[in-house]
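Please open the model in a viewer and keep the selection tool at hand.

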Amino acid sequence: MGEEFFATVKLITGEEIVSKVVYLEDEDKVMLENPLQVDSAKQRKGALEISGFSFREWVCATFDKMFILNRDHIITISEIEGPIVDFYKETLLRLSLIHI
């Protein structure tokens with residue numbers, strides 16, 4: 001099993017997911033822990049438009065926290081850090097998906 005890191009994962013379905021990621025070398029697969037789907041968010045204040053994003057559960061009808069993906073279902077993976085990881089962790093806490 002490879003090293004764990006936080007990343008945004010773009011899937012061939014068009015979904016973007018933020019998760020703790022581990023590459024499973026022996027199986028050529030990727031394990032996602034507590035994945036959240038990224039949704040675009042826009043808000044208009046007068047002539048100013050503010051763009052950002054929010055998170056929501058990726059798979060809602062399960063209590064599972066880990067998911068295995070074939071690498072051929074992934075377009076790209078990009079490691080994230082700092083404020084995005086903080087926002088991800090805060091969202092997990094708010095959704096009661098993890099406990100500290």
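Which residues does Leu 11 touch, not counting residues up to four places away in sequence? Select Leu 11 and display its surroundings: Ile 17, Trp 58, Leu 69, His 73, Ile 74 and Ile 75 are in contact with Leu 11, where contact means heavy atoms within 4.5 Å.

Before the next stop, some notes on reading the model are in order. This is a predicted model, in which local features need pLDDT of at least 70 and side-chain atom pairs count only at pLDDT 80 or more, while totals for chains, interfaces and linings use all residues. Residues are numbered from 1 along each chain as its sequence is written, and side-chain values use heavy atoms, with hydrogens and water left out. The pLDDT, the predictor's confidence in each residue from 0 to 100, averages 92 over the protein chain, and 95% of the residues score at least 70. Colour the chain by this value: among its elements, strand 1 (residues 5-11) has the highest mean pLDDT, 98, and strand 4 (residues 48-57) the lowest, 90. Helices (H or I, at least four residues) and strands (E, at least two) are DSSP runs, numbered from the N terminus.

**The nonpolar cores**

Next, select Ala 7, Val 9, Leu 11, Ile 17, Val 21, Val 30, Leu 32, Trp 58, Phe 67, Leu 69 and Ile 74; these eleven residues form the largest nonpolar core. Such a core is a set of buried Ala, Val, Leu, Ile, Met, Phe, Trp, Tyr and Cys residues joined through side-chain atoms within 4.5 Å. Buried means under 20% relative accessible area, exposed over 50%, and partly exposed in between (1.4 Å probe, protein chains only). Strand 1, strand 2, strand 3 and strand 5 each contribute at least two residues to this core, with the largest share, three residues, coming from strand 1. A second, separate core has nine residues, including Phe 6, Ile 80, Val 85 and Tyr 88.

**The aromatic rings**

Now select Phe 6, Phe 53, Phe 55, Phe 87 and Tyr 88, which form one aromatic cluster. Rings of Phe, Tyr and Trp (its six-membered ring) pair if their centres lie within 6.5 Å; planes under 30 degrees apart count as stacked, over 60 as edge-to-face and the rest as tilted. The count comes to six aromatic pairs. Since the ring centres of Phe 6 and Tyr 88 are 5.8 Å apart and their planes stand at 65°, this pair is edge-to-face. It links strand 1, which holds Phe 6, to helix 1, which holds Tyr 88, 82 residues apart. Both Phe 6 and Tyr 88 are buried.

Remain on helix 1 (residues 83-94) and select Thr 91. Is Thr 91 buried or exposed? Thr 91 is buried, at a relative accessible area of 0%. Beyond its neighbours within four places in sequence, Thr 91 is in contact with Leu 36 and Phe 55.

**The salt bridges**

Finally, turn to the four salt bridges of the structure, each a side-chain nitrogen of Lys or Arg within 4 Å of a carboxyl oxygen of Asp or Glu. Select Asp 28 and Arg 71, whose closest N and O atoms are 3.1 Å apart. Asp 28 lies in the loop between strand 2 and strand 3, and Arg 71 in the loop between strand 5 and strand 6, so the pair ties together parts that are 43 residues apart in sequence. Arg 56 and Asp 39 form another salt bridge, at 2.6 Å, which links strand 4 to strand 3.
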